[in-house]
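Welcome, and thank you for taking a look with us. Please have the sequence and the model ready before reading on.

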Amino acid sequence: MVMKWEAFLSAVQERGEYPSRQEAERAARVVLGLLGAHVVGSERSELAARLPQTCAPVLLNPLPAAEPLDAQRFVRATAAWVDGATEETAKWDVGAVLSVVADAADEELMRRILLQLPPGYDLLFGRPEPA
């Protein structure tokens, strides 16, 4: 079942401990836009289909990434897109959004998404790989 936009934002707001819905939405849009630039093919489409319709344009129509970003550079890129953000606050934003995204996707889809991304993204999604 596709998650509704309000439920998605509520989950992001709760996990990110944001004081307002607007902050949760800002984090969601930035992180999903960056994620969409790095996940390609059917995995990106499948993920968009599991998220609220409002997320689809952000996820499916990003500016293309010039190069794959490792997890740390993904966090830095998030910080660069948010006024006043630091790496620490961006890491918080990324974790809040991507953990909700991971919950919306099944394990098989998450496995395929993580195979497309450089090592370290499993932690950003809140899904550490077993050692």
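Which helix gives the most to the lining of the largest pocket? Helix α2 does, with 4 residues. Before going further, a word on the basis of this report: this is a predicted model, in which local features need pLDDT of at least 70 and side-chain atom pairs count only at pLDDT 80 or more, while totals for chains, interfaces and linings use all residues. Residues are numbered from 1 along each chain as its sequence is written, and side-chain values use heavy atoms, with hydrogens and water left out. Helices are DSSP runs of H or I with at least four residues, numbered from the N terminus.

**The pocket**

The largest pocket has a volume of about 250 Å³. Gly33, Leu34, Pro62, Leu63 and Trp81 are the closest to its centre among the 15 residues that line it. By type, the lining of the largest pocket holds 11 nonpolar residues, 3 polar and 1 charged. A pocket here is an open set of points on a 1 Å grid over the protein atoms alone, where a 1.4 Å probe fits, with protein on both sides within 12 Å along at least five of seven lines; lining residues have an atom within 4 Å of a point.

| Helix | Residues | Span, first to last C-alpha | Expected span |
|---|---|---|---|
| α1 | 12 residues | 16 Å | 16 Å |
| α6 | 18 residues | 26 Å | 26 Å |

In α6, Ala90, Asp93, Val94 and Leu98 are among the buried residues. Their cover includes α1, α2, α3, α5, α7 and α8.

Ala96 lies in helix α6 and counts as buried, at 3% relative accessibility. Leaving aside neighbours within four places in sequence, Ala96 is in contact (heavy atoms within 4.5 Å) with Val12, Arg15, Gly16 and Tyr18.

**The core**

Which residues touch the most other members of the largest nonpolar core? Phe8 and Phe125 do, in a core of 47 residues. Such a core is a set of buried Ala, Val, Leu, Ile, Met, Phe, Trp, Tyr and Cys residues joined through side-chain atoms within 4.5 Å. Helix α6 gives the most to this core, with 9 residues. Not counting residues up to four places away in sequence, Phe125 touches residues including Leu98, Val101 and Ala102, as well as Met110, Ile113 and Leu114. In soluble globular proteins, nonpolar side chains tend to be buried together.

Glu17 is found in the loop between α1 and α2, and its phi is near 50°, a positive value in a residue other than glycine. Most residues other than glycine have a negative phi. Glu17 is also exposed, with a relative accessible area of 62%.

Arg21, in helix α2, is partly exposed at 28% relative accessible area. Beyond its neighbours within four places in sequence, Arg21 is in contact with Glu6, Leu9, Ser10 and Gln13.

How values were computed:
Helices (H or I, at least four residues) and strands (E, at least two) are DSSP runs, numbered from the N terminus. The expected span of a helix is 1.5 Å times one less than its number of residues. Buried means under 20% relative accessible area, exposed over 50%, partly exposed in between (1.4 Å probe, protein chains only). Grid points are joined across faces, edges and corners, and a volume is the space filled by probe spheres set on the points. Ala, Val, Leu, Ile, Met, Phe, Trp, Tyr, Cys and Pro count as nonpolar, Asp, Glu, Lys and Arg as charged, and the others, Gly among them, as polar.
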